[in-house]
Amino acid sequence: AGAPELRAVPARITGRDPMTDVAVIKVEAVDGLTVAELGDSDAVQVGDNVVAMGSPQGLNGTVTAGIVSAKNRPIRLAGEGTDTDGVADAIQTDASINPGNSGGPLVDVRGAVIGINTVIFSVSGGSHGLGFAIPINMAKGIAEQLIAGERPVHPDIGVTARTSTNGAAAGAELATIVPGGPADAAGLREGDVITAVGDRPVGSADELTVAIWTAGAGDTVRVTLIRDGQRMEL
């Protein structure tokens with residue numbers, strides 16, 4: 001069998017969400033396509049075999065294999081010349097991902113899509129076995145909102161934070177608190193170091209963001225923090 005047929009077809013953007021680096025496009029004048037099955041990214045385990053698909057360096061239809069090397073890795077989403085600005089609770093893989101793989105699927109051994117390749121970690125610009133994918137469960141929720149014509153909702157407690165490097169209180173130190181916001185109403189103060197949201201540990205400012213997103217909009221969640229050297233829960 002030869003290479004799969006490549007066709008260019010008209011498409012339009014249905015919606016986009018810069019905070020999660022997810023967009024939905026609608027293609028037209030196509031038929032007879034096989035629709036990719038979506039997997040369950042919450043069920044993915046470290047060590048699972050995965051395949052990354054994409055067009056690295058412009059080489060169409062390339063696949064690379066590896067394993068899931070970590071889960072729940074907070075990765076900053078930002079691109080030069082774009083308005084993307086957010087954080088992904090990423091799946092980390094050692095499947096070789098190079099520039100051009102972005103947007104391609106990360107699939108499990110059944111071929112079900114468990115993530116969207118989005119970021120590589122590189123000093124030289126090449127692949128170092130550190131690639132990251134947006135979990136499909138997160139992307140699916142955003143996509144469904146975009147398809148429905150809605151503006152995606154992102155949980156927010158009304159704070160800015162910086163990573164605390166104090167060994168006695170590693171976490172997210174609150175720099176500012178929005179008056180009247182959820183954090184203010186709960187009694188959080190500037191200088192508090194958040195170390196957990198619910199059952200999820202928080203060790204950095206980015207981890208605080210993904211922990212809040214995981215908690216969900218409109219839900220009440222327990223926050224563990226250090227204030228004046230004392231551990232508290234609010």
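Residues are numbered from 1 along each chain as its sequence is written, and side-chain values use heavy atoms, with hydrogens and water left out. Because the model is predicted, local features need pLDDT of at least 70 and side-chain atom pairs count only at pLDDT 80 or more, while totals for chains, interfaces and linings use all residues.

Start with confidence. pLDDT is the predictor's confidence in each residue, from 0 to 100. The protein averages 88, and 93% of the residues score at least 70. Among the elements, strand β6 (residues 105-107) has the highest mean, at 96. Strand β5 (residues 85-93) has the lowest, at 87. Helices (H or I, at least four residues) and strands (E, at least two) are DSSP runs, numbered from the N terminus.

Next comes the barrel. Six strands close it in the order β3-β4-β5-β8-β7-β6, with antiparallel pairing. From one strand to the next, the twist averages 50°. Two strands count as paired if DSSP finds at least two bridges between them. Strand β3 (residues 49-54) is joined to β4 by six bridges. There, Ala52 stands opposite Thr64 of β4. β4 and β5 pair over eight bridges, again antiparallel. Ala78 has Asp85 in β5 as its bridge partner. β5 then meets strand β8 (residues 131-135) through three bridges.

Another pair is the hairpin of β1 and β2, with four residues between the strands. Six bridges join strand β1 (residues 11-17) to β2, and the two run antiparallel. Gly15 stands opposite Val24 in β2. Asp21 takes a positive phi near 60° in this hairpin.

Now the helices. Contact here means heavy atoms within 4.5 Å. Axes are lines fitted to C-alpha atoms, for helices over the stretch in contact, and angles run from 0 to 180 degrees between N-to-C directions. Helix α1 lies across β5, β7 and β8, at about 45° to β8. Helix α3 lies across β4 and β5, at about 90° to β5.

What space is left between these elements? Rolling a probe the size of a water molecule over the atoms shows where empty space is left. On a 1 Å grid over the protein atoms alone, a pocket is an open set of points where a 1.4 Å probe fits, with protein on both sides within 12 Å along at least five of seven lines; lining residues have an atom within 4 Å of a point. Grid points are joined across faces, edges and corners, and a volume is the space filled by probe spheres set on the points.

The largest pocket holds about 1600 Å³. It is lined by 34 residues, and Ile25, Ala36, Gly103, Pro105 and Val113 lie nearest its centre. β2 (22-27), β6, β7 (113-120) and α1 (136-147) each supply at least two lining residues. α1 gives the most, with six. The lining divides into 22 nonpolar, seven polar and five charged residues. Ala, Val, Leu, Ile, Met, Phe, Trp, Tyr, Cys and Pro count as nonpolar, Asp, Glu, Lys and Arg as charged, and the others, Gly among them, as polar.

The second largest pocket holds about 500 Å³. Of its 21 lining residues, Asp89, Asn137, Met138, Trp213 and Thr214 are the closest to its centre. β4 (62-78), β5, α1 and α3 (205-215) each supply at least two. α1 again has the largest share of this lining, with five residues.
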